[in-house]
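I opened this entry to look up how the chains meet one another.

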Number of protein chains: 6
Amino acid sequence: MTTRRPRLNDGVRTDAMSWTEYVSRLRADPVVILPVGAHEQHGPHLPMGTDALFAEHMAEALAERLGGLVLPTLAYGYKSQARSGGGQTFPGTLSLDGATLIAMTRDLIRELSRHGVSKLLVLDGHYENQWFLTEGIEVAARELGPAAPSIVRLEYWDFCPQSVLDAVFEHGFPGFDLEHAALIETSMMLYLHPELVDTGAIPRDGPADFPHFDTYPQTGTGVPPSGVLAPAAGASAAKGQLIVEGTLSALHEAMAAHFGSVAAPAPATPASSGGG
Amino acid sequence: MTTRRPRLNDGVRTDAMSWTEYVSRLRADPVVILPVGAHEQHGPHLPMGTDALFAEHMAEALAERLGGLVLPTLAYGYKSQARSGGGQTFPGTLSLDGATLIAMTRDLIRELSRHGVSKLLVLDGHYENQWFLTEGIEVAARELGPAAPSIVRLEYWDFCPQSVLDAVFEHGFPGFDLEHAALIETSMMLYLHPELVDTGAIPRDGPADFPHFDTYPQTGTGVPPSGVLAPAAGASAAKGQLIVEGTLSALHEAMAAHFGSVAAPAPATPASSGGG
Amino acid sequence: MTTRRPRLNDGVRTDAMSWTEYVSRLRADPVVILPVGAHEQHGPHLPMGTDALFAEHMAEALAERLGGLVLPTLAYGYKSQARSGGGQTFPGTLSLDGATLIAMTRDLIRELSRHGVSKLLVLDGHYENQWFLTEGIEVAARELGPAAPSIVRLEYWDFCPQSVLDAVFEHGFPGFDLEHAALIETSMMLYLHPELVDTGAIPRDGPADFPHFDTYPQTGTGVPPSGVLAPAAGASAAKGQLIVEGTLSALHEAMAAHFGSVAAPAPATPASSGGG
Amino acid sequence: MTTRRPRLNDGVRTDAMSWTEYVSRLRADPVVILPVGAHEQHGPHLPMGTDALFAEHMAEALAERLGGLVLPTLAYGYKSQARSGGGQTFPGTLSLDGATLIAMTRDLIRELSRHGVSKLLVLDGHYENQWFLTEGIEVAARELGPAAPSIVRLEYWDFCPQSVLDAVFEHGFPGFDLEHAALIETSMMLYLHPELVDTGAIPRDGPADFPHFDTYPQTGTGVPPSGVLAPAAGASAAKGQLIVEGTLSALHEAMAAHFGSVAAPAPATPASSGGG
Amino acid sequence: MTTRRPRLNDGVRTDAMSWTEYVSRLRADPVVILPVGAHEQHGPHLPMGTDALFAEHMAEALAERLGGLVLPTLAYGYKSQARSGGGQTFPGTLSLDGATLIAMTRDLIRELSRHGVSKLLVLDGHYENQWFLTEGIEVAARELGPAAPSIVRLEYWDFCPQSVLDAVFEHGFPGFDLEHAALIETSMMLYLHPELVDTGAIPRDGPADFPHFDTYPQTGTGVPPSGVLAPAAGASAAKGQLIVEGTLSALHEAMAAHFGSVAAPAPATPASSGGG
Amino acid sequence: MTTRRPRLNDGVRTDAMSWTEYVSRLRADPVVILPVGAHEQHGPHLPMGTDALFAEHMAEALAERLGGLVLPTLAYGYKSQARSGGGQTFPGTLSLDGATLIAMTRDLIRELSRHGVSKLLVLDGHYENQWFLTEGIEVAARELGPAAPSIVRLEYWDFCPQSVLDAVFEHGFPGFDLEHAALIETSMMLYLHPELVDTGAIPRDGPADFPHFDTYPQTGTGVPPSGVLAPAAGASAAKGQLIVEGTLSALHEAMAAHFGSVAAPAPATPASSGGG
């Protein structure tokens, strides 16, 4: 759900590139980024594509700094859980089985390896995806052996600097656990896409009070009816800017350092250059 | 890869909608559309996201006419075949295993059924997807039984009126077989997104001359080096307009007639309305 | 469902061969043919094994001309679709999941590679099988890497010469789309196995008039009650002879040319020669 | 690999029946039989389709006595094991993964249930198939619930009367363990299809002497080079007649008694009667 | 790896119970507990079965307090990750694919539902298992529908009281992230099974310093050579007692409250009572 | 469900070993043993973990004699069948799908290969497991290629000497078919774990009288209500000692001879020695 107007070959998105341009770009051994999101309720004030949109934004902004490329975002993710995303009882939350997400991830890595990609960043914007992305990567790496790309998987919010969190949360940062459609995400959206926030609909639900365990079949018990797990009151574009830009700087620094030290893998099936 | 700037709840895209708006829209029993594309070489002059972009455009324009909703596009599709898309030997073509596409389709239908969606259109923009979308639908329908939505699967180009094809192809329409990155797709893109066409890069390759069989492992033999299977010369935005608008009209007419006569299915697992 | 009486080692069928004879035949690097059919309604006048029988006949006749071998026919195929085979609502139609047909195909190729087979022809007689055979081949080829056989997949009717179709269809050939249990198949069966046709039961249903889309769950709407999609009136053994022999000639020519130019693959797991 | 010449609707084979005849036959609630074989080395004197041919013969002869129907034989089976079939080191042995055979079995039962079949006999002619057929049946029965047919799975040789074995084996019957391509199977083939036996090629290998365990990866160690696990000397058509007819009588008696007492299951998805 | 000597029917373990006793116990609608562990390196001083042993201990002690039952522990878990368990580069770490752990979990729940179990606790002792257990539970719950048991999944350490952590960690509890084979686990083992600790082998490695991302293929980079992620110095049986008993008390309280309020589900397939 | 009290690194169990000790032990190229059991009804007098306990005992005693290692027992097995274990109609019988057991076996072999294990014994204590263990081994061996360990799969009772069976069964040994929870297993348990036998509960059911076929869906018809398939009367610890020790001696002899002649495989992925 990008809001930028792409031009052919003029940017970081591979889906707005010709294959000949892609081949040309690969010669520089760029970091290729796969953003992964979800289609999940984010309260009455944020869009269901929030996780995908944030992952995509982080990926594009990072790729611009790193000279990287960005693949089309995986727009659907693993099943929402009550304690982290409100869970599967909300209409609109549209989730995949774990096996499906594992297979998607594996298939794409296999293809990128065929292309000769040697540096891959799986940039996750939906907490529940983490372990199925991990397994997809593990399975692909086992299958590809020494020809596997060097792969990083991360959740972007882990790079938000403590100083930013201290500044944003006046009464101390309580941790990311309940930050679903709450202060952080609402602020980020107000900064990045204010037209996608209905500020009048921000609920006043207090923070959810979950036990230390999960229950199944999911019933939504304990989840605030709005789907928002912690207060979003006080969200602002200014706070969003702090969060987004602080996170991006830290992410850039870490990835530049990491991938700068990665050597290209052994060539696997050499990618041919077209038909004929 | 939309190029429209969405506003929350202001349009047909579910990823730009809150879950509460989605629940509200579902009361009218709308047609929900899943566009399916691919990430596949389309010659040196068109972007790799071409199939996804066209499927998405058709879905959005159709949804506007039908009062429907559009889900996020599946941006990756089944493996490109030499005779229809140039095949898997091109770098940039990024394809899924059949089982993965089957699973994606099944998972999404299962979730939509939970939401109470009763009319689903799987709108395919990549020829090779057809049978795996079909199997995903068959498997979901079997699992859901009487609670399955009423589902249509189609390839959009089958709705292009013969009169349009006659007008566009001066020397007679040779059939869709080789229309990969050729006259039709180039014209459509010139009409919809001229900034995504590099008209200077349109190759002069003649039409590919394929035998009546497929060979494996894929080697690219017989595929023009550019990846374009038939001449794109003569492509124009005017022709693209004829094709796009003619197809949309026919598609609208057929879907309005079909879904207008569909009754809602037996309620399955009633979708609850949030947490709590 | 062959009607020929085999003798041990005296012909092209591997199931009527000893393993020692098979080893001996493999020394000539023959084309090995896997016929694939279906168990599907073919109207009240043709047997449900029609597709399997035709694929098997084509395979045996072709093998005799090419010095090839024929494996046991896959007698069950992918799910019948309303617009091409009448669909899954008919009792007697006995179909497989896509994943099952993919797995069958992959398993057999894996074994043939172990035997040292280097030339494989998957000869399809059931339209709906095509893409699952393709995926089975793709998956096997990926797994086997350079040791994969050279594989061709085709649908036999694509080789029927235009001149034959012109001769058989007095009012012009309308295309293969509705040729299910219709003029072509009835004529072929009258030529090959007249005892398997109940000419008195040929229905007078006019051609089916399908829309440009598929609907699910399958209900049989629009399918003629007989299961025959186009008129079979006018079918004759003479027309069948034209079709069968014309198709075989073209098929022979194409396969002789193609496989004549194929070199043996790199040896994979060398097949041992028995126990001990 | 039948050697009988079928006529439409004139016999027990469903692949030589029209769907309308099949519907008509189902009204009598017949036992439907699925023969399952293999494509496996059977020494230098017997064809690789031996197991399939025997299963098919037993099924057809039994169906004639029971008024039953016979489905197309599954011609490929589970992997040959050294101690029971010589193992996977022989070229020509063409085996399936366990998961594939499970899926085949499940898919067919699911379809038969849709047709309204209430009595199914899975008649196995290849020892190694047993447990994967069992799992396919178990999985289908779980999925179908109360609408599952009443299913029997058996290996035909378990019905060979002890009196026959005593008569055939002068020095006492040593058990079925090594009876692969040996006295029993060679005699049966001499009785049923003498043209498929090369009596001059019967090897003089003594019985194999296997330990009480299996070893992997399979190497063929301990397997006689001919693939024959016990002497076939003394095989005769007369002995074959005793075995085949004695087995059939016992099989008939058991199945008539068992299925005679089975009531039809609850109707599941009622099979419609064609299109329209 | 229990160290208690069971007597038939005298305790909580179902594997030391007859089926008749099990049926008798089920009448009280007990909480059934499935402990899940791993076989994973835990430094040079702790056994590889540590996670399984702790999960099993917690399960047994909890079952005694709740009047519950304990199933055999799953002794193998999901792949170790560098940042939480040292990763897959250590010999001895013996892990499952995600799909396998999902299937194990689903299969067992399906069977327990057949038995009539209505309260299930999946008690996890290996961090990396969490999401695959979750998916196994989700898949089973979907399949079973209203007959699914009421299921809880938890990681036992989440119940360790803050007061205990404050007492155990003199300089403040740094969080569970690096507590692999470190102070907590070593203390617990010294309390529960001192004979399974080699106190002389406790390494002096400082805490690992991991970045905020995971890298693949796993190489062990950044993991201390011992496999211990944080200092275990200062571990003692007394601290272990505080941790184990504090955790158990909190766990007991939470589960008694939760399951005390759970009603039995709708009966699914009623479990019969034996053969005959 | 061991009853021995392990000490760290003092014995054969890998779950009571540190990874450093495991690495040290592997230098001697030991036989690594995977015991496989079940959780299955064994009448009113024996525990449901009987098969697992016997497999584990045999594995540990054998490992001590061979200098081998024992992995944690697989405590759940394939579905019980009426004729061999009473079947799936008993509450308490807790079984896996075939695919799950195949996957478990494959995963563990894959990991052991990574560790450098070259000799693996899969020691089965539950009859129904055999073919799914076999397939798991076959699949792993195919995937690993020349780096696969040398693997043996056996059922321990096949090693019980005829002389022991003659001594134990006064009226002649009727074969293992009905020996479920009967004389052999009850005697073995009286010898190994008398506290796990309720001698007062041994039923007086006569031997079951099964036909030569299996029926599905399983209903328990023909299975004695106790779940015991043949009389256990006359069971004694003395007979158990004869059986257990006789079996172990034969097993030891066979495995020592077999594995003594096995050379280490080609090194695959060399196992690293920890992190860092």
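**Interfaces and core**

Between chain C and chain B I counted 17 residue pairs in polar contact, both at pLDDT 80 or more, a polar contact being a pair of N or O atoms within 3.5 Å, where within protein one must be able to donate a hydrogen and the other to accept it, and residues adjacent in sequence count only if both atoms are side-chain atoms. The elements of chain C that give two or more residues to this side are helix H4 (98-115), helix H5 (130-144), strand S4 (150-155), strand S5 (214-216) and helix H8 (237-260), and H5(C) provides the largest share, nine residues.

I noted that this is a predicted model, in which local features need pLDDT of at least 70 and side-chain atom pairs count only at pLDDT 80 or more, while totals for chains, interfaces and linings use all residues. Residues are numbered from 1 along each chain as its sequence is written, chains are lettered from A and ligands numbered from 1 in the order in which they are written, and side-chain values use heavy atoms, with hydrogens and water left out.

Chain C and chain B bury about 3,100 Å² between them, 58% of it on carbon and sulfur atoms (accessible area, 1.4 Å probe, lost on being put together and summed over both parts). In chain C, Trp131(C), Phe213(C) and Tyr216(C) lose the most area to chain B, together 25% of what that side buries.

I then turned to chain E and chain F, where 70 residues of chain E are in contact with 70 residues of chain F (heavy atoms within 4.5 Å). This pair buries about 5,600 Å², 60% of it on carbon and sulfur atoms. I counted four salt bridges here, and in one Arg106(F) meets Asp97(E) at 3.8 Å, N to O. On the side of chain E that touches chain F, H4(E) gives the largest share, eleven residues.

Last, I looked up Tyr76(E), which is among the residues with the most contacts inside the largest nonpolar core, of 252 residues. Beyond its neighbours within four places in sequence, Tyr76(E) is in contact with residues of both chains, including Leu94(E), Leu101(E), Leu71(F) and Met104(F). Such a core joins buried Ala, Val, Leu, Ile, Met, Phe, Trp, Tyr and Cys residues through side-chain atoms within 4.5 Å, buried meaning under 20% relative accessible area.

Technical notes:
Buried < 20%, exposed > 50% of the residue type's maximum accessible area, 1.4 Å probe, protein only. Buried area = accessible area lost by both parts, 1.4 Å probe. Salt bridge = Lys/Arg side-chain N within 4 Å of Asp/Glu carboxyl O. Helix = DSSP H or I, 4+ residues; strand = E, 2+ residues; numbered from the N terminus.
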